[in-house]
Amino acid sequence: MYTQALNSSDGDDRGVEDVARASQFQARIDADERIEPNDWMPAAYRKTLTRQISQHAHSEIVGMLPEGNWITRAPSLRRKAALLAKVQDECGHGLYLYAAAETLGTSREELVDAMLSGKAKYSSIFNYPTLTWADIGTIGWLVDGAAIMNQIPLCRCSYGPYARAMIRVCKEESFHQRQGFEIMVTLCRGTAEQKAMAQNALDRWWWPVLMMFGPPDQASQHSDTSTKWKIKRFSNDELRQKFIDATVPQAEFLGLTIPDPGMKQNANGNWEHSPIDWDEFKQVLAGNGPCNRDRLAARRKAHEEGAWVREAAMAYAEKRRSRQLAQAAE
Amino acid sequence: MATPNVPLWEVFIRSRNGLAHKHVGSLHAADSTLALQAARDIYTRRGEGLSIWVVPSNAITASDPSEKGMMFEPAESKIYRHPTFYDVPDEVGHM
C-alpha cells in the first residue's frame, strides 16, 4: 500500500541519520531493489524525491495552461478533440504524480500550496507563451519529446511509486508527441505561410526546450546524490545530446531549420550545439520569464474559485455520514 | 486557502473478465461516489477497465515490511511444497 495514511506515523527517520541503516539502504539500491513507501530511507532521499516528484506534478498541471489556450481555437474538430484529450492526460499525469509524492508523507494540500505560494518550482518551459497554432504542434513534438527522453529512465527509478507512475505517464506521452508531429507535418506541407508559422514556432521553442534538461553537468547541484540513489540514470548533458540527435533528422524531414547556425555533427555522429544562454534559464526560474505571473495567477484563480466545490463535497459527505450513523442508532 | 484533508482512496481495476481486480493507484475524493467517478477519469481513459473498486485507504490493514523476513519465513523453508522436489523416474514420462 502506498498511502499517506500509513506513512504519517513513521517519523523516526526524518531528522536522525542512522549510519548502519543508511548503508543497508545503499546496498539495497546497489542491488537494484525498489524502495517502497514504508521502507526506511534517509531523510535526504525522502526530501529529494518529494521535491522532484512534486515539481514534476506541478509541471504537468501548469503545463495544461499553454495548451488549454488553443482548445477553443483548434483548426478542426479532430484537432480539438485530440488537444482536449491531451490536456486531460496532463491533468491525469499530475494526479498520478501527486499520489506518488504523497506516499513520502507530505499531503497534496501542502504540495499544492507550496506551488501556489511560489515556493515550489515547475518546469521553466511552461513560462513561455503559445502565440500561434504551430506552437501546439511544436510543444507536442519537442516539449513532449524532451519530456519522454527525461521520463523513460525514470521508469527504472529506485523509488517504486515514482517508477510505476512514470510507466503509466510514458505510455500516454507517446500519443502526445505523435499528435504534435502530425500538426507540424500538416503545416509544413501546407501553404508558404503555414510553413513559415511552423518555422517561427521552432525558432522560439528550440532553445527553451534544450534548457528543459537542466544545467550542464558541471553546474548541476542535485546530480551526484541522485545518481548514487538511482533516481537519475543519465546526466543532463547525456539526455540533451540524445534528444538533439533524435530531433535533427525529424526537423530535416519537415524541411525546417534548427535555429542554431553553429550546430555541427562530430566524428561520432553526435550533433554539437552552440552555447546555451543559461542566464535566460536562471531568469525564467527566478520568476522573470514571459508568463510566470500569468501562470501562477491562473492556478491561484482556479484553486480559489474551486474552493466552494471542495467544501460542498466534503459537507455533503459529512451530512450523509451523520445521517447514516443516526439511522443505525435508531 | 486551508482546505480540509480530503479522504484518500485506493483504486483497484479489473482489466478483463477472468482477471482479478488489481491495485492501480490512489486518489482523493470526498465520498465513495465521487471516488468512483474520479477513478474512472484518472485510471480508465483508454478503456483499461471493466470494473472499479475504491477502498478507503485507512480501511486497509497491511503487513509490516520491516518484518517481512519473519512473516514469510514459513514459505521459504518448505521446498517440499514444490513439484520439482519429487523425483519421478524418466521412463514414467511427463507427470
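Ile13(B) is found in strand β1 (residues 8-14) of chain B, where strands (E, at least two residues) and helices (H or I, at least four) are DSSP runs numbered from the N terminus. This is a predicted model, in which local features need pLDDT of at least 70 and side-chain atom pairs count only at pLDDT 80 or more, while totals for chains, interfaces and linings use all residues. Residues are numbered from 1 along each chain as its sequence is written, chains are lettered from A and ligands numbered from 1 in the order in which they are written, and side-chain values use heavy atoms, with hydrogens and water left out.

With a relative accessible area of 5%, Ile13(B) is buried; buried means under 20% relative accessible area, exposed over 50%, and partly exposed in between (1.4 Å probe, protein chains only). Leaving aside neighbours within four places in sequence, Ile13(B) is in contact with several residues, among them Ala20(B), Val24(B), Tyr43(B) and Ile52(B), contact being heavy atoms within 4.5 Å. The C-alpha atoms of Ile13(B) and Trp53(B) are separated by 6.4 Å, although the two are 40 residues apart along the chain.

Two packed helices are described by the angle between their axes and the distance between the axes. Axes are lines fitted to C-alpha atoms, for helices over the stretch in contact, and angles run from 0 to 180 degrees between N-to-C directions. Helices α8 (residues 160-188) and α9 (residues 192-211) of chain A pack at an angle of about 140°, with their axes 7 Å apart. That makes α8(A) oblique to α9(A), since angles under 35 degrees count as roughly parallel, over 145 as roughly antiparallel, 65 to 115 as roughly perpendicular and the rest as oblique. Here Met184(A), Leu187(A) and Cys188(A) in α8(A) meet Gln194(A), Lys195(A), Met197(A) and Ala198(A) in α9(A). By class, this contact has 5 nonpolar, 1 polar and 1 charged residues; Ala, Val, Leu, Ile, Met, Phe, Trp, Tyr, Cys and Pro count as nonpolar, Asp, Glu, Lys and Arg as charged, and the others, Gly among them, as polar.

Helix α13 (residues 292-305) of chain A includes Asn292(A), a residue that counts as buried at 8% relative accessibility. The side chain of Asn292(A) reaches the backbone oxygen of Val284(A) at 2.9 Å. Beyond neighbours within four places in sequence, Asn292(A) is in contact with Tyr122(A), Asn127(A), Val284(A) and Gly287(A).

The cysteines come next. A disulfide is a covalent bond between the sulfur atoms of two cysteines, and the rule applied is a pair of cysteine sulfur atoms within 2.5 Å. By this rule the count comes to 0 disulfides over all chains. For Cys91(A), the closest cysteine sulfur, in Cys170(A), is 18 Å away, too far for a bond. Cys170(A) is in no disulfide either, its nearest cysteine sulfur being that of Cys155(A), 3.7 Å away. Cys91(A) is partly exposed at 27% relative accessible area, whereas Cys170(A) is buried at 15%.

Most residues other than glycine have a negative phi. Asp32(A), not a glycine, has a positive phi of about 60°. Asp32(A) lies in the loop between α2 (19-30) and α3 (43-62) of chain A and counts as partly exposed at 43% relative accessibility. Lys230(A), also not a glycine, has a positive phi of about 55°. Lys230(A) is found in the loop between α10 (223-228) and α11 (236-254) of chain A, and counts as buried at 19% relative accessibility.

Technical notes:
A polar contact is a pair of N or O atoms within 3.5 Å; within protein, one must be able to donate a hydrogen and the other to accept it, and residues adjacent in sequence count only if both atoms are side-chain atoms.
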